[in-house]
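Dear colleague,

Please find the structure below. My notes on helix packing, aromatic pairs and backbone geometry follow it.

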Amino acid sequence: MTVTGKPIDRIDGRLKVTGAAKYAAEFNQPRMAYAFPVCSTIAKGTITAIDQSAASSSAGVITVLTHKNAARLKAVNPAEQRNAGIIVIGEDLPPLQDNKVHYYGQFVAVVVAETYEQARRAAALVEITYAKEKPASDLKTELPKGYLPQKNFGQDVQINTGKAAAPLAAAPVKFEQTYTTPTEHHHPMEPHAAVAVWESSDKLTLYETTQSVMNSRAIAAYFLDLKPENVRVISPFMGGGFGGKGIYLQPVLAAMAAQAAKRPVKLSLTRQMMVTNVGRRCETNQKIALGAGSDGKLTVIRHHSDVYTNVSAYLEPCGSPTQTLYNAPLREITYKVARLNLGTPTFMRAPGKTPGTFALESAMDEMSYEMKIDPIEFRTLNHATNDPLTKHPFSSEYLRECYKIGAEKFGWSNRKSEPRSIRDGKYLVGYGMAAATYGGIRNAATARVQMSANGDVKVMTAASDLGTGTYTVLTQTAADALGLPIERITVEIGDSNLPPAPPAFGSMTVASVNPAVLAACEMLRKDLMGLAMADAKSKLSGRRAEEIAFADAKFFVRGDSSKSDSYADIMRRNSKTMLEACATTVPVSGTPAAPCMVAPAASEENSDNKKYSFHSFGAQFAEVRVDEDLGIVRVRRFTSVHDVGRIMNEKTARSQIIGGVIFGIGQALMEETLHDKRWANPVTRSFADYHVPANLDVPPIDVYFINKPDPHISPIGARGVGEIGITGVGAAIANAVFNATGKRIRDLPIMPDKLL
Ligand code: MOS
């Protein structure tokens, strides 16, 4: 009778389709004013003069903030920020602090007015004079002046520098190619927005669309120099995030505006600002070299990535899939970063893994052709059963099963390896596949559960639901742990006043938060059962815990359900109006729950973390149809098989993979942010010119899960789904295009001009 794993509907689905779910920009306040930013019209230079007289006297204007009169924020200081609990910020550039411009569209002023229209009108009247400089806009041109990054989130990034050259030269079979991917943008359905309310001079409430209320709280507290407990961030629902939400400082800008206006202020970004002010995936230029023996076994893999950033230290970790896939004895993974005057690169839909698997998995396909081995066979031959770098075994790993199931379901045996072998009328048909990979990330989390007098239960934790199903899977875990129907569980998330949970980054929510909810529910259940066992009026009186089972909101003696005691009766007889339990779980398999506390960082003492390498794996299969006359590629069907540990909800998990595959179709065939290199400004600034897959671009997508619990990640065994869905999709499609046409496209997206 358990509900975990069942494909139940999203419990917030009805709220969303009826409009009852409240999003950040909908938290209107009494006396609320509206802020509209002024964006730089140059990409590099200095502000020499600001004339705000026309804006200030425009109808409804309350105040105009520029670097001259804006509040001074605390300076960027990564070490201090970490101490203050900031997990990550999107760019090292607090708004309105000086007269320097680093990229086109940078916020250079903000107008606050009575209405949105008045603020927007007045923003257009702010006259800014710039001393322009020539912006750095081209990756290849600027690369020689770039730098070699050493660390990314504490991990060494330059691996075995210089070690690959000799073994490659000596390899009987060698392959080397360059793959390029363009700048891409997030574009969640819900643009970034914040409503800032100063409750008093040192107490702030932010309604914000964020992937982490805790990170947002830490950011606001740090930069505005407030006590963290005096900042409350509320974000019950989100219209997507994809890596770009909860790390930018526009909520701080809203708070600065509210402070100056002495009113609550709403700041919501336009779709155009989503292209300049809230992160992006940078362009990548990746060189892959493979060396193999004549037996088809790889001896060496080299993966070098050229990427860019601006004033921030972000690194797109393209080499990360090459850390975990394939058994070559030697791998060299290196990076070089150019500094450009473009919007800030940041996390986006499987950072690094998405462009990285395009390069690596295209190269693996090319090498399989060179060696005349079937691509699945070639991958299986080089399969890594242990983490190739740490040598630790994977905590659980079923990649070869993914290949096998995918090949069967997709009908891989119908593939003809010779390109241009299959035609369907005037179309060329091709099959392609690729491996998928993503880290199995788990972090500390705290959850509190409360049972009310009638036995209903509330679950509280500061997790976030990007729209992917956090409310639903937490409900399922609590329902099973307490023997309650899902209707009797309420989940409260998205509020920084709740017990701390990790951010909804890195596909870590399910793996991190569900164990905390499970532990808290088990504590509550034991406490409640203890009350019954100690109560002479209970039919469970004098029984031992092992004799007692639970279901349907009651305890009963195993094998004799007539001897039962309902939760409501136990609460009533003990005069309890509320029973509460709270647990913090850290990523140590099987660790007992600690008492409620602030979530510590992932434990270094984690024995399983030291013994195992935690990763998810998958296999992606695409069939494409290519119109040679027009150069148009259509994905005709897609099969996606994943090993992500235990599946908590078959429906929401499937939907996440379908979403990921659709992202991948966008990556392969459409998505591309273009800049005018003279001025370093984006020319793809709306959905009219930034193309994403729409209904007719998306074929039937078949999703399968291995669904074997990971015995080491947590007692639940779920590694989470999320980002793995997009990884490998770009390569699977590009490989299918080659199989169809004989043309190898190494530069995404695969637009018609590249095939003609
Ligand atoms: Mo994800 S790009 O780590 O939000």
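This is a predicted model: local features need pLDDT of at least 70, side-chain atom pairs count only at pLDDT 80 or more; totals for chains, interfaces and linings use all residues.

A term needed for what follows is relative accessible area: buried means under 20%, exposed means over 50%, and partly exposed lies in between, with a 1.4 Å probe and protein chains only. Ser-575 has 67% relative accessibility and therefore counts as exposed.

Residues are numbered from 1 along each chain as its sequence is written, and side-chain values use heavy atoms, with hydrogens and water left out.

Backbone geometry

Most residues other than glycine have a negative phi, and most peptide bonds are trans. Ser-575, although not a glycine, has a positive phi of about 50°. Ser-575 is found in the loop between helix H16 (567-573) and strand S25 (578-585). Helices (H or I, at least four residues) and strands (E, at least two) are DSSP runs, numbered from the N terminus.

Asn-160 is another non-glycine residue with a positive phi, near 55°. Asn-160 sits in the loop between strand S8 (155-156) and helix H6 (165-170), and with a relative accessible area of 27% Asn-160 is partly exposed.

The peptide bond from Leu-748 to Pro-749 is cis, with omega near -5°. Pro-749 belongs to the loop between H19 and helix H20 (752-755).

Helices H14 and H15

Two packed helices are described by the angle between their axes and the distance between the axes. The axes are lines fitted to C-alpha atoms, for helices over the stretch in contact, and angles run from 0 to 180 degrees between N-to-C directions. For helix H14 (residues 470-482) and H15, the axes come within 9 Å and cross at roughly 30°. H14 and H15 are therefore roughly parallel to each other; the classes are roughly parallel under 35 degrees, roughly antiparallel over 145, roughly perpendicular from 65 to 115, and oblique for the rest.

The crossing of H14 and H15 is right-handed. A crossing is right-handed if the near helix is turned clockwise from the far one by less than a right angle, and left-handed if anticlockwise. By class, the contact of H14 with H15 has 11 nonpolar, four polar and one charged residues. Here Ala, Val, Leu, Ile, Met, Phe, Trp, Tyr, Cys and Pro count as nonpolar, Asp, Glu, Lys and Arg as charged, and the others, Gly among them, as polar.

Asn-514 lies in helix H15 (residues 509-533) and is buried, with a relative accessible area of 0%. Leaving aside neighbours within four places in sequence, Asn-514 is in contact (heavy atoms within 4.5 Å) with Val-473, Leu-474, Thr-477, Thr-509, Met-648 and Ile-716. Asn-514 and Val-473 are 41 residues apart in sequence, and their C-alpha atoms are 7.8 Å apart in space.

Helices H18 and H19

The axes of helix H18 (residues 650-669) and helix H19 (residues 729-741) come within 8 Å and cross at roughly 55°. H18 and H19 are therefore oblique to each other, and H18 passes H19 in a right-handed crossing. On the H18 side, Val-661, Gly-664, Ile-665, Gln-667, Ala-668 and Leu-669 meet Val-729, Gly-730 and Ile-733 of H19. The residues of this contact divide into six nonpolar, three polar and no charged.

Aromatic pairs

A pair of aromatic rings is described by the distance of the centres and the angle of the planes. Rings of Phe, Tyr and Trp (its six-membered ring) pair if their centres lie within 6.5 Å; planes under 30 degrees apart count as stacked, over 60 as edge-to-face and the rest as tilted. The structure holds 17 aromatic pairs.

In one of them, the rings of Phe-36 and Tyr-116 have centres 5.7 Å apart and planes at 75°, so the pair is edge-to-face. Phe-36 lies in strand S1 (residues 33-39) and Tyr-116 in helix H4 (residues 116-123), so this pair ties together parts that are 80 residues apart in sequence. Phe-36 counts as buried at 7% relative accessibility, whereas Tyr-116 is partly exposed at 23%.

Tyr-369 and Phe-738 form an edge-to-face aromatic pair, 4.8 Å centre to centre with 80° between the planes. This pair links distant parts of the chain, with Tyr-369 in helix H11 (residues 353-371) and Phe-738 in helix H19, 369 residues apart. Phe-738 is buried, with a relative accessible area of 14%.

Yours sincerely
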